[in-house]
Amino acid sequence: TPEEINSEVGTIGIPEFGTKFVRQMLVETRPKTMSELIKISGLSHGTDVWLNNAQDLIKNNIATLSEVICTRDDIMLYLLHSGLPPITAFKIMEDVRKGKGLKAEYEEIMRENNVPEWYIGSCKKIKYMFPKAHAAAYVMMAFRIAWFKVHYPLEFYATYLTVKADEFDADIMTQSHERIREKILEMEDAGNNLSQKDKNVLTILEVINEMYARGIKFLDTDLYKSDARIFLIENGSIRPPLNGLPGLGIAAAQSIVEERNKRKFTSVEDLRLRTKVGKNVIDILKQHKCLDGLPDSDQISLFNII
């Protein structure tokens with residue numbers, strides 16, 4: 001539900017459509033076609049194209065999403081359709097997309113061809129515009145990924161988290177669903193005081209919160225079952241990689257995987273000597289119960305023998 005994921009749309013984690021800024025655009029415009037999704041991409045990548053411009057036109061029922069200016073191409077095609085000479089339509093598009101506004105003679109030609117005042121005003125506000133071909137390419141990619149999110153959620157979340165593995169923090173992100181929700185609220189309350197790293201963490205937490213809401217859970221990080229860096233699908237759940245443990249780098253994780261594939265570790269000492277990892281990595285593995293059941297050393301106690 002929207003309440004569970006704190007969003008009215010399900011595009012969390014979808015490239016180009018996952019940020020709060022674009023999600024709000026989707027809520028306000030409610031696109032229903034691929035063409036309208038491409039327009040959203042154009043609006044989100046332009047400067048002064050959506051805010052204080054198209055957003056107000058749509059909100060005040062002056063124009064619809066299909067009518068407002070979203071990409072460079074929209075201007076030239078609209079002006080050609082309105083009857084302006086091709087070269088004039090092209091030059092107006094070039095000036096507007098570069099943030100140069102409208103020359104007086106262009107405004108006059110536009111009015112002579114019954115171009116609405118709201119359209120002329122919109123052109124004068126724009127500072128930069130996205131080409132439609134770029135917007136189309138982005139949306140095609142996003143649409144494909146969204147299809148997997150709907151139909152193959154386990155694969156989607158495992159792949160998303162693998163891509164973000166360097167920013168994954170098992171201490172924070174594998175906690176209970178309730179704790180994840182609390183952490184999101186705490187970080188949102190901080191607002192602009194969040195560092196870029198914290199903003200990246202917040203984005204991942206939103207995805208994980210949604211994952212939990214869809215009934216998918218994390219398994220524990222395991223010395224033998226976890227990959228070095230890839231999130232694995234296992235029995236309807238997702239198992240984090242070794243380098244998802246904070247402080248355990250990819251080199252150490254790969255060394256552990258290489259050695260465990262040769263033979264099992266007989267003790268913590270055996271693991272340390274074979275993998276060449278430091279005390280800090282051993283402490284991290286112990287802290288996350290990855291070494292439970294593994295003796296500290298291979299030495300046999302004489303007391304036990306007697």
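Helix α9 gives the most to the lining of the second largest pocket, with seven residues. The model is predicted, and local features need pLDDT of at least 70, side-chain atom pairs count only at pLDDT 80 or more, and totals for chains, interfaces and linings use all residues. Residues are numbered from 1 along each chain as its sequence is written, and side-chain values use heavy atoms, with hydrogens and water left out.

About 350 Å³ of space lies in the second largest pocket. Of its 19 lining residues, Thr11, Leu26, Leu37, Phe143 and Ala146 are the closest to the centre. The lining of this pocket divides into 13 nonpolar, three polar and three charged residues.

The largest pocket holds about 650 Å³ of space and is lined by 29 residues, with Gly13, Gly18, Tyr160, Lys164 and Thr203 nearest its centre. Helix α13 supplies the largest share of this lining, six residues. A pocket here is an open set of points on a 1 Å grid over the protein atoms alone, where a 1.4 Å probe fits, with protein on both sides within 12 Å along at least five of seven lines; lining residues have an atom within 4 Å of a point.

Pro240 lies in the loop between β2 (237-239) and α14 (250-262); helices (H or I, at least four residues) and strands (E, at least two) are DSSP runs, numbered from the N terminus. At 0% relative accessibility, Pro240 counts as buried (under 20% relative accessible area, 1.4 Å probe, protein chains only). Beyond four places in sequence, Pro240 contacts (heavy atoms within 4.5 Å) residues including Phe168, Phe218 and Phe231.

Methods: Buried means under 20% relative accessible area, exposed over 50%, partly exposed in between (1.4 Å probe, protein chains only). Grid points are joined across faces, edges and corners, and a volume is the space filled by probe spheres set on the points. Ala, Val, Leu, Ile, Met, Phe, Trp, Tyr, Cys and Pro count as nonpolar, Asp, Glu, Lys and Arg as charged, and the others, Gly among them, as polar.
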